[in-house]
Amino acid sequence: MISSPETTRRELLGKVLRLLWLQWTELGLSGHGSHSNPWVLDPEALLLATCHFGRYDPRLFDEVVDWLGTNGGIINLQRLKNINQRLEFFQEHTLSALGSHLCGKTNLEKWKSVILTTKTRNQEPYFRDGRTFQPFIQVSEPDPAFAKNGWLRPPLSFSRKSRAVHGNGTTRLLIRLRALFGVNARAEILGYLLTHESVHPSGLAASLSYDQRSVQDNLVSMYASDLLVLCKKGREKHYGLNREAWLQLFGAKAEIPVWIRWPWAYRGLITLFDGLEGIPDGEDSLYLSARIRSFAEKVREDLQSSKLGWNLPSPTLYPGESYVEVFLEGVRKILD
């Protein structure tokens, strides 16, 4: 039996929150569980996804803030802002509140760059109940930094339970590269080249959410080291490197890690989660089909772009109300 949209949404939230917990724990968050997949984790995409789904798990959100108090220096803020703006995560007000806390309670002055200087907007509860999706309204003492950015939540404090993250292990490849080369575009460029045969600068820039000119300049400069290789595919110049030799340096001798396009994966999950909001059980099937079709193609494209192997059937292949059951079954397979 196919679950209703509301039940599917509730189960989707549970699965996504578990995925976020596992990935943060792998990065040093105080928690339980292990991450067994050879995926390269993406701290910026993970943080943006947590700003959205963490509203339904206050403990996760506050543990992540605590992690930032210890490890916030390894976040690439320029890339964070690029992803947030270009992929429309719409998390600038939450990031601004986080920046105020990190600048005020730690020595992470670089987080000033995400603090907004605009006037206070209308306030609404930040956290929501993960079972009913309703907001937690009672906030006796609002947090000033969040209130200034339009959010009502209890005062935030750092527990200092999160440990400093180190770059050992396949999933932490980007962390290791940033520790070695600095928190800059070159770390991401090298990480991508380590997990791909070769790439054209424009494709690399799009995947990493950087300007093409910046990526091109970095590649030309890095190529002068003789540690990159240049090959032609038609009229295009593609860059690559000897991955096996480089991976030995980073302790990934057994297998080449898998580069996942996490910004697109999480954007697809957010679009799916938000699209299922407010669709009551027992709704007219034609209306339900129209609602689902309004966001299904965007979700499908993002999940396919993520390279996770998550696929949904195209709505163009199924006329009328027949797409409802096909779509919900496709979501079910992803959840499983």
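Buried residues here are those under 20% relative accessible area, exposed ones are over 50%, and partly exposed ones lie in between (1.4 Å probe, protein chains only). By that rule K307, at 54% relative accessibility, counts as exposed.

The structure is a predicted model, in which local features need pLDDT of at least 70, side-chain atom pairs count only at pLDDT 80 or more, and totals for chains, interfaces and linings use all residues. Residues are numbered from 1 along each chain as its sequence is written, and side-chain values use heavy atoms, with hydrogens and water left out.

**Confidence.** pLDDT is the predictor's confidence in each residue, from 0 to 100. Its mean over the chain is 89, and 94% of the residues reach 70 or more. Helices (H or I, at least four residues) and strands (E, at least two) are DSSP runs, numbered from the N terminus. Where pLDDT is low, the predicted coordinates should not be read in detail.

R243 is found in helix α11 and is buried, with a relative accessible area of 11%. Contact means heavy atoms within 4.5 Å. Apart from neighbours within four places in sequence, R243 contacts L193, L194, T195, H196, E197 and I256.

R261 lies in the loop between β6 (258-259) and α12 (262-275). A salt bridge requires a side-chain nitrogen of Lys or Arg within 4 Å of a carboxyl oxygen of Asp or Glu; for charge, Lys and Arg count as positive and Asp and Glu as negative, while His and the chain ends are not counted. R261 is buried but has no salt bridge, and D302, its nearest side chain of opposite charge, is 7.9 Å away. Leaving out residues up to four places away in sequence, R261 touches A206, S207, S305, S306 and K307.

**Positive phi.** Most residues other than glycine have a negative phi. D226 has a positive phi near 70°, and K307 has one of about 70°. D226 sits in the loop between α10 (212-223) and β4 (229-233), and K307 in the loop between α13 (285-305) and α14 (322-335).

**Accessibility of selected residues**

| Residue | Relative accessibility and class |
|---|---|
| D226 | 68%, exposed |
| C231 | 29%, partly exposed |
| C103 | 14%, buried |

**Cysteines.** A disulfide is a pair of cysteine sulfur atoms within 2.5 Å, and the structure holds zero of them. The sulfur of C103 is too far for a bond, because the closest cysteine sulfur, in C51, is 15 Å away.
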